[in-house]
Amino acid sequence: MIQRRLLTTISRMTEEAKRLAGYAAVDNHVKNNQALGIGSGSTIVHSVKRLAERVAQEKLNVVCVPTSFQLDVAIDGADEVDSNLNLIKGGGGCLTQEKIVAGCAKSFIVIADYRKDSKHFGEQWKKGIPIEVIPMAYVPVTKVLQSRFGGVAELRMAVSKAGPVVTDNGNFLLDWKFDKVHDWKSVNTAIKMIPGVVDTGLFIDMAERVYFGMEDGTVSVREKPVH
């Protein structure tokens, strides 16, 4: 009973942290007459709710799209954020479409709860880096990943049905569980050059700002480092 109450309390705190981050991002970045790119995931639900409130209250004229060639602001969540504001995304399987949206935006804003904040990848997110691959290529891509970069690459299997997870694009997902810290920009480029790879869940140098909903009810804001 005590353990169940503790889990319930933690779940409520996490959900409130997501809400705080989502609301802060919409309040600080959404303006009238904008085209907005909206991602997916549990944190985005709160951003959409806040956006709906502001549209009703302020009569905002905004257009929300899942993808476009020109977006003012794209808001999305992340599975993990490192100290350089690089991201791991794709735990839900929509990494390619989410990266298209983020890449089309003038400003890419990320919202997350405190559990997603890491100095280095792998500190918080233990499920590996998602890599979307053409179905016929998953075996050779797996072998190349492991031989060149180490770690283990596993085909993501469906939970509620037999067989592998199939993305919205009709592809498979590999979850690469790396075993050391890499130069992620170089590794990301190298992986994308492997024949059969569609894209990776590494979002490098894309996020402009991250809002973290904290345990104490505050919102921590982190800007992209200037080198």
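Residues are numbered from 1 along each chain as its sequence is written, and side-chain values use heavy atoms, with hydrogens and water left out. Because the model is predicted, local features need pLDDT of at least 70 and side-chain atom pairs count only at pLDDT 80 or more, while totals for chains, interfaces and linings use all residues.

Helices (H or I, at least four residues) and strands (E, at least two) are DSSP runs, numbered from the N terminus. Two strands are taken to pair if DSSP finds at least two bridges between them. On this basis, four strands form an open antiparallel sheet in the order β8-β9-β7-β10. Strands β8 and β10 (197-200) stand at the edges with a single partner strand each, so one side of each is left without a neighbour in the sheet. Neighbouring strands of this sheet are turned by 30 degrees against each other on average, direction ignored.

Within this sheet, β9 is joined to strand β7 (residues 129-133) by five antiparallel bridges and to strand β8 (residues 152-155) by four, again antiparallel. Asp175 of β9 takes part on both sides: Asp175 is the bridge partner of Pro130, and Glu154 also stands opposite Asp175. Strand β9 (residues 172-177) is largely enclosed by the rest of the structure, because five of its six residues are buried (under 20% relative accessible area; exposed means over 50%, and partly exposed lies in between, with a 1.4 Å probe and protein chains only). The antiparallel pairing of β7 with β10 rests on three bridges, and there Glu132 has Asp199 in β10 as its bridge partner.

Two helices lie across the four-stranded sheet, with contact meaning heavy atoms within 4.5 Å. Axes are lines fitted to C-alpha atoms, for helices over the stretch in contact, and angles run from 0 to 180 degrees between N-to-C directions. Helix α3 (residues 95-103) lies across β7, β9 and β10, at about 60 degrees to β10. Helix α4 (residues 138-149) lies across β7, β8, β9 and β10, and runs at about 15 degrees to β9.

Ile191 is located in helix α5 (residues 184-192) and is buried, with a relative accessible area of 0%. Leaving aside residues up to four places away in sequence, Ile191 touches Ile131, Leu145, Phe149, Trp176, Val197 and Thr200. Ile191 and Phe149 are 42 residues apart along the chain, and their C-alpha atoms are separated by 9.3 Å.

A further open sheet has three strands in the order β4-β5-β11, with antiparallel pairing. Its edge strands, β4 (80-81) and β11 (202-203), each pair on one side only. Two antiparallel bridges connect β4 to strand β5 (residues 87-88), and Val81 has Leu87 in β5 as its bridge partner.

Most residues other than glycine have a negative phi. Asn33, in the loop between α1 and β1 (34-38), has a positive phi near 60 degrees. Asn33 is exposed, with a relative accessible area of 55%. Lys59, in the loop between α2 (44-58) and β2 (62-65), likewise has a positive phi, near 55 degrees. Lys59 is exposed at a relative accessible area of 67%.

Ile10 belongs to helix α1 (residues 2-29) and is partly exposed, with a relative accessible area of 38%.
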